[in-house]
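These are my notebook entries on one structure. I put down what I looked up, topic by topic.

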Amino acid sequence: MGRTTLSLLATAAALAAITGVAVITGPAGDAGSAPGPKAAGRVPVQRSAVVCPAPTSSEVAETTYTAFSPGAPSGSGSAPGGGRDARRSADLLPVTTAEGQAPAARDGKDRKADGKADGKADGKKGEAKKGSGDKTSPGAGPVLSLKAPGAPVTATTDRSDAPALVGSAEGPLAPGHTVQQTTAVAAGSGRGLHGLTCGPADTSFWFPGVSTAQGRQDYVHLTNPDPGTAAVVDLELHGKDGRVAAPAGEGVTVPPRSSVPVLLSTLTETPAENLTLRVTARSGRVGAAVRASDEKQGGDWLPASEPAATAVLPGIPADATSVRLVAFAPGDDADLTVRFVGPTGSITPAGHETLHVRSGTTETAALDGVARGEAGSLLLTAEDGGKAVAGLRVTRGKGDRQETAFLPATGPVGIRGTVADDRPKGTSLSLAAPGAEARVKVTAWAAGGGGPATRTYTVRSGTTLTVEPPVPGGGKSGYALTVETVSGGPVHAARTLTLPHDGVPAFTVQPVPDDRSTVEVPAVRSDLTTVVR
């Protein structure tokens with residue numbers, strides 16, 4: 001009779017690479033067992049998924065999508081099934097709008113793609129172009145397709161009805177798969193630069209810093225990536241006195257493979273600034289993102305933050321004219337110590353040494369002038385085991401030439417962080433080391449697939465280092481960046497993209513946390529390799 005080998009270890013590793021959880025135990029002391037216990041380790045993920053919200057409703061805007069995968073980090077090994085025949089797939093697909101249509105999928109006429117990451121397209125407006133061999137016109141297929149690790153690809157659109165997108169990557173393209181969405185709005189409410197790193201779907205999100213005040217329009221975009229099941233979502237608003245009555249935010253239904261935008265000011269009759277939005281999925285899961293537009297101060301995407309006892313918010317520009325901290329306490333009261341971490345050390349802002357946040361309320365602190373001409377980060381530490389959700393609203397410029405960006409609390413780079421759609425001019429990195437000194441390696445990856453450029457930086461303990469990253473390929477086109485921890489303590493990073501327009505310092509800041517390129521495989525107590533005769 002033939003012999004078949006069944007290895008549960010391979011199954012466990014594959015499950016961990018896909019889901020992040022796999023546990024196998026076996027009978028101790030099995031006389032016929034093969035090798036004994038195996039230590040826990042990390043393997044590259046085999047699948048990743050992201051959701052990009054509808055970018056804009058403006059008639060005078062252009063959006064650039066950039067997809068990139070750096071591949072598995074060095075030294076992480078290979079995941080099960082990641083050999084020569086592994087599937088290489090990473091597509092970005094449109095979903096249905098709330099009105100039941102997928103406008104960008106109708107004919108693809110106004111979609112352009114040229115293989116560049118600088119937001120410029122060759123040819124006439126309205127023509128679809130191929131770039132780097134990729135078919136990026138949506139039609140009935142992908143808006144954007146990534147074919148190989150190490151080479152970012154882009155597509156652009158100037159449609160005001162461009163839909164939300166869902167993206168997935170499998171096999172060698174899954175580790176570190178990143179999609180960046182950057183929209184330049186030329187005029188009107190929210191004019192400026194709106195940037196967002198598309199994130200995974202989940203069941204809970206916190207957005208500190210939203211507003212329902214006059215002159216401001218904040219939309220939360222809820223996108224259900226799943227094709228067969230509707231998601232039901234609750235929206236809660238919390239202000240300085242606690243939860244704000246918003247009955248219209250309860251039980252919002254998001255149909256399968258659809259996106260629903262909700263204007264936050266329609267949820268309550270009382271306009272208010274500096275609120276915290278909580279998004280909770282009762283059933284299913286959604287991607288959630290908030291687009292904030294102001295009549296006078298421009299706008300940007302407002303990223304989500306997680307409750308934490310310690311929060312690091314990198315990316316405060318040296319020329320900030322206004323910095324406002326917004327914090328919410330989801331559990332017990334939180335007493336936060338506030339420190340600005342600059343290029344030479346950290347200081348306590350005068351008059352804002354601490355911030356007391358009562359349970360279930362949102363508190364603010366005006367930190368104007370905290371940078372004093374120096375770029376840096378904000379470090380928040382909760383005392384007595386408290387936790388807070390925190391974000392910053394940062395403004396540059398004056399008068400009618402102001403522009404706003406939102407900075408979330410950012411987790412450490414960890415093994416590696418990735419950010420796409422970097423430009424030869426106007427790109428900077430903020431690297432904060434709130435604890436021990438650290439060394440990081442920054443690598444720039446060219447859109448044309450040319451050789452990467454690498455530089456190593458040392459970030460001294462208790463400082464923020466702001467640098468212009470290396471530029472690959474002679475600096476003629478856009479690129480992607482990876483940040484890897486080489487040694488020392490944790491590093492928190494953010495990328496700032498600045499593209500001035502008509503005297504407005506248009507900018508956007510994206511966090512660069514760990515890109516979730518690997519997953520831990522738990523220790524195996526026994527190898528249950530079985531031989532069936």
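**Entry 1: the disulfide.** I began with the rule: a disulfide is a pair of cysteine sulfur atoms within 2.5 Å. What I searched is a predicted model, where local features need pLDDT of at least 70, side-chain atom pairs count only at pLDDT 80 or more, and totals for chains, interfaces and linings use all residues. Residues are numbered from 1 along each chain as its sequence is written, and side-chain values use heavy atoms, with hydrogens and water left out.

How many disulfides does a search of the whole structure find? I got one. The bond runs from Cys 52 to Cys 198, with 2.0 Å from S to S. I read 115° about the S-S bond, and the link is right-handed. The two cysteines come from distant parts of the chain, 146 residues apart. Cys 52 sits in strand 3, and Cys 198 in the loop between strand 11 and strand 12.

Cys 52 has 0% relative accessibility, so I noted it as buried. Cys 198 is buried too, at 5%.

**Entry 2: the sheet with strand 3.** I followed strand 3 into its sheet. Four strands make an open sheet in the order 3-9-5-7, with antiparallel pairing. Strand 3 and strand 7 (144–145) are at the edges with a single partner strand each, so one side of each has no neighbour in the sheet. Two strands pair if DSSP finds at least two bridges between them. Strand 5 (residues 89–94) and strand 9 (residues 165–170) run antiparallel and share six bridges. Ser 89 is opposite Glu 170 in strand 9.

**Entry 3: the largest pocket.** Next I looked for open space. On a 1 Å grid over the protein atoms alone, a pocket is an open set of points with protein on both sides within 12 Å along at least five of seven lines; a cavity is a set where a 1.4 Å probe fits but cannot get out; lining residues have an atom within 4 Å of a point. Grid points are joined across faces, edges and corners, and a volume is the space filled by probe spheres set on the points.

The largest pocket comes to about 1100 Å³. It has 45 lining residues, and the closest to its centre are Gly 199, Pro 200, Ala 304, Pro 513 and Arg 516. Among the elements that give two or more residues to this lining are strand 3, strand 11 (192–197) and strand 12 (204–210).

**Entry 4: the cavities.** I found four cavities of 30 Å³ or more in the whole structure. The largest cavity holds about 50 Å³. Its lining includes Pro 208, Gly 209, Arg 393 and Phe 406. Strand 12, strand 28 (389–396) and strand 29 (403–408) each supply at least two lining residues. By class, I noted eight nonpolar, three polar and one charged.

**Entry 5: strand 18.** Which strands pair with strand 18 (residues 275–283)? Strand 12 pairs with strand 18 over six antiparallel bridges, and Ser 204 has Thr 280 as its bridge partner.

**Entry 6: an aromatic pair.** Rings of Phe, Tyr and Trp (its six-membered ring) pair if their centres lie within 6.5 Å; planes under 30 degrees apart count as stacked, over 60 as edge-to-face and the rest as tilted. I count three aromatic pairs. One of them, Phe 68 with Trp 445, is tilted, at 6.0 Å centre to centre and 45° between the planes. Phe 68 is in strand 4 (residues 61–68) and Trp 445 in strand 32 (residues 438–446), so the pair ties together parts 377 residues apart in sequence. Both residues, Phe 68 and Trp 445, are buried.

Strand 32 also pairs with strand 35 (residues 479–488). That pairing is antiparallel, over nine bridges. Ala 444 has Leu 481 as its bridge partner.

Key
Buried < 20%, exposed > 50% of the residue type's maximum accessible area, 1.4 Å probe, protein only. Nonpolar A, V, L, I, M, F, W, Y, C, P; charged D, E, K, R; others polar.
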